[in-house]
Amino acid sequence: MASVTMTVNGKSVSGDVEGRTLMSDFLRNDLRLTGTHIGCDTSQCGACVIHVNGEAVKSCTMFAVEADGAEVATIEGQANTDGSLNVIQQAFQDHHGLQCGFCTPGMVMSAAALLKDNPKPSEAEVREYLEGNICRCTGYHNIVKAIMAASGQDVPAVAAE
Amino acid sequence: MYAFEIERPSTIADAIKALSEEDAQALGGGQTLIPTLKQRLAMPATLVSLTGIGEMQGVCIGDNGEVCVGGATNHATVAAETAASYPGLSGLAGNIGDPAVRNRGTVGGSLANNDPSACYPAAALGSGATIITNTRQIAADDYFQGMFETALEEGEVITEVRFPVPEKSHYEKFVQPASRFALVGVFVAKYADGVRVAVTGASENGVYRWSEAETALSSDFSKDALDGLTVPADGMIADLHGSSDYRAHLVKVMTGRAVTAAA
């Protein structure tokens, strides 16, 4: 067992973990932050995307020990301080960017990482950035619309409609 | 996963010491190793994480103008920091996997694993890079020794990779859409003394140089120079994503596209 201490959504947390404890399991089982979803557990689907030191990573493909000392952000820390939805979350609601909602935490965290580096992405850039996030409902068009709206841009008319 | 301990050394020397213990294994970004561990295909006693070693991080320009990349540098960093100095390498690194994978996966990890469909081996072989380890320097031509096989000895760590910068280069990847690995990927680099063409994803022996194309392109760096060449399907990978004939066909098509994009 190893002791880890990190900052999660602004709060210092610590715990004792095995070497093999995945970051996703540490968040969900130890910290009870179950907003980070485990869809595939094979680093394909992106439902478990969190930010570690500001970078989007798949928390199912990183050990908790590797986040020792890191600044971690999860979906639970994304809302505004008054509890209202942040711009990206609100855009997902406004544009029906979720159906079953399972992939949504990862989609929102990936979207936040994209918009941090590229505040006004093109539709193509949004779609490319979401390569590692799979929506089982295949609701990609509305997710892309939501991210375009969250970036303050016109929501594209999607070819499939 | 079987149980193991993780060590996080901060120097190369400490990492080498930790790796000398029985059943110790190096951990780069873990984007291949962690899925492998989950399938219980590996059973290390200790994983030695290399990503906390400062001297193995970052990109710089060497004395001879080559791009030097620390072995534990992740793909996103390489993509960002070589965009001006070596666009062909930057483009390759920036299209590996997906953004979250690129924030974890490392150049050293990719080259040490030498997956037959990985992108980085094509850049290293196509650039005639030098693989620098804790003990020696290995030319890329000597380093890749077949599918998942390299010249690395037990406990040897890739600390740095030096890429000579070509006049023109491009990596063209036919993406396997589920995994984002290369179904076939071709790295073409035009140097003053000739053209190098490295092919990944195609051969059962892993990355290789397509020497006939190198000869043709060295005298005429255009897609048309490839017209008379054929790629035999013998020894090409065949799986549910594509037959060996299909991969052989793609080698020529991807090479042509890479030349056109580089020219």
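The model is predicted. Helices α2(A), α3(A) and α5(A) meet in pairs.

**Helix α2(A) with helix α3(A)**

- Helix α2 of chain A spans residues 87-94, and helix α3 of chain A spans residues 104-117.
- Their axes lie 10 Å apart, at an angle of about 125°.
- The crossing is right-handed.
- From α2(A), the contact uses A:I88, A:Q89 and A:F92.
- From α3(A), it uses A:T104, A:M107, A:V108, A:A111, A:A112 and A:L115.
- This contact of α2(A) with α3(A) has 7 nonpolar residues, 2 polar ones and no charged ones.

**Helix α3(A) with helix α5(A)**

- Helix α5 of chain A covers residues 140-150.
- The axes of α3(A) and α5(A) come within 11 Å and cross at roughly 40°.
- This pair is therefore oblique as well.
- α3(A) and α5(A) make a right-handed crossing.
- On α3(A), the residues in contact are A:M107, A:A111, A:L114 and A:L115.
- Facing them on α5(A) are A:Y140, A:I143, A:I147 and A:A150.
- The contact of α3(A) with α5(A) holds 8 nonpolar residues, with no polar and no charged ones.

**Helix α2(A) with helix α5(A)**

- Here the axes come within 8 Å and cross at roughly 135°.
- α2(A) and α5(A) are therefore oblique to each other.
- Their crossing is right-handed.
- α2(A) brings A:V87, A:I88, A:A91 and A:F92 to the contact.
- α5(A) brings A:I143, A:A146, A:I147, A:A149 and A:A150.
- The contact of α2(A) with α5(A) has 9 nonpolar residues, and again no polar or charged ones.

- A:I88 and A:F92 of α2(A) touch both α3(A) and α5(A).
- A:M107, A:A111 and A:L115 of α3(A) meet α2(A) and also α5(A).
- A:I143, A:I147 and A:A150 of α5(A) meet α3(A) and also α2(A).

**Chain A with chain B**

- The size of an interface is often given as the accessible area lost when the parts come together.
- Chains A and B bury about 2100 Å² between them.
- Of that area, 53% is on carbon and sulfur atoms.
- The two chains are linked by 4 salt bridges.
- One salt bridge joins A:K58 to B:D98.
- In the A:K58 and B:D98 pair, the closest N and O atoms are 2.7 Å apart.

Definitions and conventions: Residues numbered from 1 in each chain as written. Chains lettered and ligands numbered in written order. Predicted model: local features only at pLDDT ≥ 70, side-chain atom pairs only at ≥ 80, totals over all residues. Heavy atoms only, no water. Axes fitted to C-alpha atoms, helices over the stretch in contact; angles between N-to-C directions. Helix = DSSP H or I, 4+ residues; strand = E, 2+ residues; numbered from the N terminus. Left-handed = near helix turned anticlockwise from the far one by under 90°. Contact = heavy atoms within 4.5 Å. Nonpolar A, V, L, I, M, F, W, Y, C, P; charged D, E, K, R; others polar. Buried area = accessible area lost by both parts, 1.4 Å probe. Salt bridge = Lys/Arg side-chain N within 4 Å of Asp/Glu carboxyl O. Parallel < 35°, antiparallel > 145°, perpendicular 65-115°, else oblique.
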